[in-house]
Amino acid sequence: MVVDLGRVGVWGHLDSLSVRQLRAYARRVEELGYGTLWMPETVGREPFTALGLLAGETRRMRLGTSIVSIWGHDAETTRMAAMTLAEATDGRFVLGLGVSHPHLAETLRGHTYAKPLTRMREFLAAYRSAVYKGPIATPEPAEPPVLIAALRERMLGLAAAEADGAFPYLFTPERVAWARGVLDRAAADAGRPPPMLAISMPGVLEDEPAAAREAARGYLTPYLRTPNYHASWELQGFGPDDLEKRGSDRLVDAMVAWGSAERLRGSLADLHAAGADHVAVIPLDANGVTEHVPVLEVLAPH
């Protein structure tokens, strides 16, 4: 399936906004010309429900999950939710799936986090075969695109061979270029066209280094406690000193774009040049909260 997400989108937890503000935010994001609005699943709003609230507030922009955890939903309910949102948005919904993290799967949800690649492969097969007898979205295609959160080679290969693309997270441009090559080779081996590669870019509109890095650390700190991201960053060339406490300046500067509007646009261009089809901007305020409209205004496609 050819997936058109637009060159630039927006990603955010969206939990700092009331429902009224959330609706207004989605309208503003679409007005600015962004192609897709993405919402994750952690311990805040349930994303299928929240995106359903936004289906009637938007007309052109895609709405996507990035990501929902396969430990939190069975394949049948996921297919039902995805098809319902595809219908509600006239085919604008995108399903992003991920294996999440051990502490979220086990401590919060009571599952056993084991063999994540095998579990994702099994989940995709069950999702594709799940029964759905509800109304079908128009226009075609009726089936929403499926992207997989992938940090390593085998999960990227699965995304290329059995889904519509990948949505890695917290990658340098060099790692994006590597992921582009992995995806394209895996798709060619499976006899499929090049898959979608979506990536995110946290951004802080701030020239002063200390203030910019403080905002960036406000956002990155939870990820610094996560083994999956530690492993990913080590593969990107970062060492133990970079991952201690709140992260080194080197790590922060690589993971979060900051500076003037021109500098943020340059960082966005670097990710596209590295092979990303779609870049979802994460607009950070001074505290690292992800709904800062001024960042979106200076990077707006329109």
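Residues are numbered from 1 along each chain as its sequence is written, and side-chain values use heavy atoms, with hydrogens and water left out. Because the model is predicted, local features need pLDDT of at least 70 and side-chain atom pairs count only at pLDDT 80 or more, while totals for chains, interfaces and linings use all residues.

The chain has 13 helices and ten strands; helices (H or I, at least four residues) and strands (E, at least two) are DSSP runs, numbered from the N terminus. The radius of gyration of the chain is 18 Å, close to the 19 Å from the globule rule for 302 residues, so the chain is as compact as a globular protein of that length. That radius is taken over C-alpha atoms, and the globule rule is 2.2 Å times the number of residues to the power 0.38. Along the principal axes, the C-alpha atoms fill a box of roughly 55 × 40 × 40 Å.

Of the 302 residues, 55% count as buried. Buried means under 20% relative accessible area, exposed over 50%, and partly exposed in between (1.4 Å probe, protein chains only). The chain exposes about 12700 Å², of which carbon and sulfur atoms supply 53%; accessible areas come from the Shrake-Rupley method with a 1.4 Å probe, and for residues only the protein chains shown count as cover. Contact means heavy atoms within 4.5 Å. Among contacts between residues at least 6 apart in sequence, 76% join residues at least 24 apart.

Rolling a probe the size of a water molecule over the atoms shows where empty space is left. On a 1 Å grid over the protein atoms alone, a cavity is a set of points where a 1.4 Å probe fits but cannot get out, whereas a pocket is an open set with protein on both sides within 12 Å along at least five of seven lines; lining residues have an atom within 4 Å of a point. Grid points are joined across faces, edges and corners, and a volume is the space filled by probe spheres set on the points. The second largest pocket holds about 260 Å³ of space. Its lining consists of 16 residues, and Pro173, Asp253, Ala254, Ala257 and Ser267 lie nearest the centre. At least two lining residues each come from strand S8 (196–205), helix H11 (249–255), strand S9 (257–259) and helix H12 (261–273). H12 gives the most, with four residues. By type, the lining divides into ten nonpolar, three polar and three charged residues. Here Ala, Val, Leu, Ile, Met, Phe, Trp, Tyr, Cys and Pro count as nonpolar, Asp, Glu, Lys and Arg as charged, and the others, Gly among them, as polar.

Just after H9, Gly237 takes a positive phi of about 100°.

Positive phi also occurs at residues other than glycine. Lys245, in the loop between H10 and H11, has phi near 50°. Lys245 is exposed, with a relative accessible area of 79%. Leu14 has a positive phi of about 65° and is found in the loop between S1 and helix H1 (19–31). Leu14 is buried, at a relative accessible area of 0%. A cis peptide bond, with omega near 0°, runs from Ser66 to Ile67; Ile67 lies in the loop between strand S3 (62–65) and strand S4 (68–69).

Val19 lies in helix H1 and, at 34% relative accessibility, counts as partly exposed. Neighbours within four places aside, Val19 is in contact with Arg45 and Leu53. The C-alpha atoms of Val19 and Leu53, 34 residues apart along the chain, are separated by 8.5 Å. Asp4, in the segment before strand S1 (8–11), is exposed at 58% relative accessibility. Its C-alpha atom is separated by 9.6 Å from that of Pro145, 141 residues apart along the chain.

Ala114 sits in the loop between helix H4 (102–108) and helix H5 (116–129). With 40% relative accessibility, Ala114 counts as partly exposed. Not counting residues up to four places away in sequence, Ala114 touches Trp71 and Arg119. The C-alpha atoms of Ala114 and Pro209, 95 residues apart along the chain, are separated by 41 Å.
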